[in-house]
Amino acid sequence: MPAYVVVDIAINDPTTYERYKQLAPPSIAQYGGRYLVRGGKTLPLEGAWSPERLVILEFASADDARRWWASPEYAEAKALRQSCATTDMLLIDGPSFDPAAAVARGA
């Protein structure tokens, strides 16, 4: 079952954060993860949540996501991010839902 890591990041040191952006992707790929969203403009539709930077990662499972987050391959990048940004991070354990497929099945 897919799992997602949702990250709300407030960058305090943009120069250092640029280095993090170079270090993180190889570790994510090594654990089977991929970026669904990496930055980009956000527009609140309801409520007051307005992240400065939003990242959404997808992994094949929650176990894969946890292994990546705790991995030695991610450790240097994680320490760098923690030194230059304030982060809220959630692990969401799927499943995904395709409403078009549900309609086609009559569900």
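**Exercise 1.** Determine which residues Leu 57 touches, not counting residues up to four places away in sequence.

*Solution.* Apply the contact criterion, heavy atoms within 4.5 Å. Leu 57 then touches Ala 3, Tyr 4, Val 5, Ile 28, Arg 34, Tyr 35 and Trp 68. The model is a predicted one, in which local features need pLDDT of at least 70 and side-chain atom pairs count only at pLDDT 80 or more, while totals for chains, interfaces and linings use all residues. Residues are numbered from 1 along each chain as its sequence is written, and side-chain values use heavy atoms, with hydrogens and water left out.

**Exercise 2.** Describe the largest nonpolar core and state which elements supply its residues.

*Solution.* A nonpolar core is a set of buried Ala, Val, Leu, Ile, Met, Phe, Trp, Tyr and Cys residues joined through side-chain atoms within 4.5 Å; buried means under 20% relative accessible area, exposed over 50%, and partly exposed in between, with a 1.4 Å probe and protein chains only. The largest such core holds 18 residues, and Val 5, Leu 57, Phe 59 and Trp 68 have the most contacts inside it. At least two core residues come from each of strand 1 (3-11), helix 1 (14-30), strand 3 (53-59), helix 2 (62-69) and helix 3 (72-84). Helices (H or I, at least four residues) and strands (E, at least two) are DSSP runs, numbered from the N terminus. Helix 1 gives the most, five residues.

**Exercise 3.** How are helix 1 and helix 3 oriented relative to each other?

*Solution.* The axes of helix 1 and helix 3 come within 8 Å and cross at roughly 150°. Angles under 35 degrees count as roughly parallel, over 145 as roughly antiparallel, 65 to 115 as roughly perpendicular and the rest as oblique. Helix 1 and helix 3 are therefore roughly antiparallel. Among the residues of helix 1 in their contact are Tyr 20, Leu 23 and Ala 24, and helix 3 contributes residues including Tyr 74, Ala 77 and Leu 80.

**Exercise 4.** Is Asp 64 buried or exposed, and which residues is Asp 64 in contact with beyond four places in sequence?

*Solution.* Asp 64 lies in helix 2. Its relative accessible area is 19%, so Asp 64 is buried. Leaving aside neighbours within four places in sequence, Asp 64 is in contact with Tyr 31 and Phe 59.

Notes:
Axes fitted to C-alpha atoms, helices over the stretch in contact; angles between N-to-C directions.
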